[in-house]
Amino acid sequence: MTVDYPLLARQLAALLDTRDWLTNSAQTAAFLMQEIPELNWVGFYLQRAPETLCLGPFQGKPACHPIPFSRGVCGAAARTRSTQRIEDVHAVADHITCDAASRAELVVPIVAGDRLWGVLDLDSPRRGRFSADDQAGIEGLVAIFIERTDLTASA
């Protein structure tokens, strides 16, 4: 399964026609859930408290909240400010299970200036769902989200 990330980048750039963080994060989550196959959850976790991620706009089943930086794949992405691509979340000792059907996870940190704004989290029920190409593609979409969104207004 090949995803046309250059096409998705053009579509997302056109979709994000406001600078509002809430509108853009809701639109981005819905767009990714619709356009990327084999996902069961897509959403944002925001840093609104020290060392803690709070649930933001998402698509999928109800989610875990809050997530400390010290736990799980999202916490690791926030703590290290680096993308986490996990083939099998059940092999991660401190994985936080929100949906038992999730097997693979891709979490990209969202950094505005020198401040961690939050993370974008994608879950799939298929083990090994996310390739290096998917990681690069999603990181590119996150760059568009950052460029088109005022991330200072949500603090």
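This is a predicted model: local features need pLDDT of at least 70, side-chain atom pairs count only at pLDDT 80 or more; totals for chains, interfaces and linings use all residues.
Select strand 1, residues 41–49, together with strand 6, residues 115–124: the two run antiparallel and are joined by six bridges. Within this pair, centre the view on L46, which stands opposite G118 of strand 6.

The next stop is helix 3, residues 72–80, which is mostly covered, since seven of its nine residues are buried. To see them, select G72, V73, C74, G75, A76, A77 and A78, which are the buried residues in this helix. What do the buried residues of helix 3 pack against? They pack against strand 1, strand 2 (52–60), strand 3, strand 4, strand 5 and strand 6. Before leaving, step on to R81, which follows helix 3 and has a positive phi, near 55°.

From there, move to the loop between strand 6 and helix 4, where R129 is found. Is R129 buried or exposed? Its relative accessibility is 2%, and because buried means under 20%, R129 counts as buried. Show its surroundings and, leaving aside residues up to four places away in sequence, you will find that R129 touches M1, V3, I36, P37, E38, A104, S124 and D134. One of these neighbours deserves a separate selection, as the side chain of R129 makes a polar contact with the side chain of D134, at 3.0 Å.

The last stop is D133, which lies in helix 4. Here the relative accessibility is 61%, and because exposed means over 50%, D133 counts as exposed. To end, select T23 as well and draw a line from C-alpha to C-alpha: D133 and T23 are 27 Å apart in space and 110 residues apart in sequence.

Methods
Residues are numbered from 1 along each chain as its sequence is written. Side-chain values use heavy atoms; hydrogens and water are left out. Two strands pair if DSSP finds at least two bridges between them. Helices (H or I, at least four residues) and strands (E, at least two) are DSSP runs, numbered from the N terminus. Buried means under 20% relative accessible area, exposed over 50%, partly exposed in between (1.4 Å probe, protein chains only). Contact means heavy atoms within 4.5 Å. A polar contact is a pair of N or O atoms within 3.5 Å; within protein, one must be able to donate a hydrogen and the other to accept it, and residues adjacent in sequence count only if both atoms are side-chain atoms.
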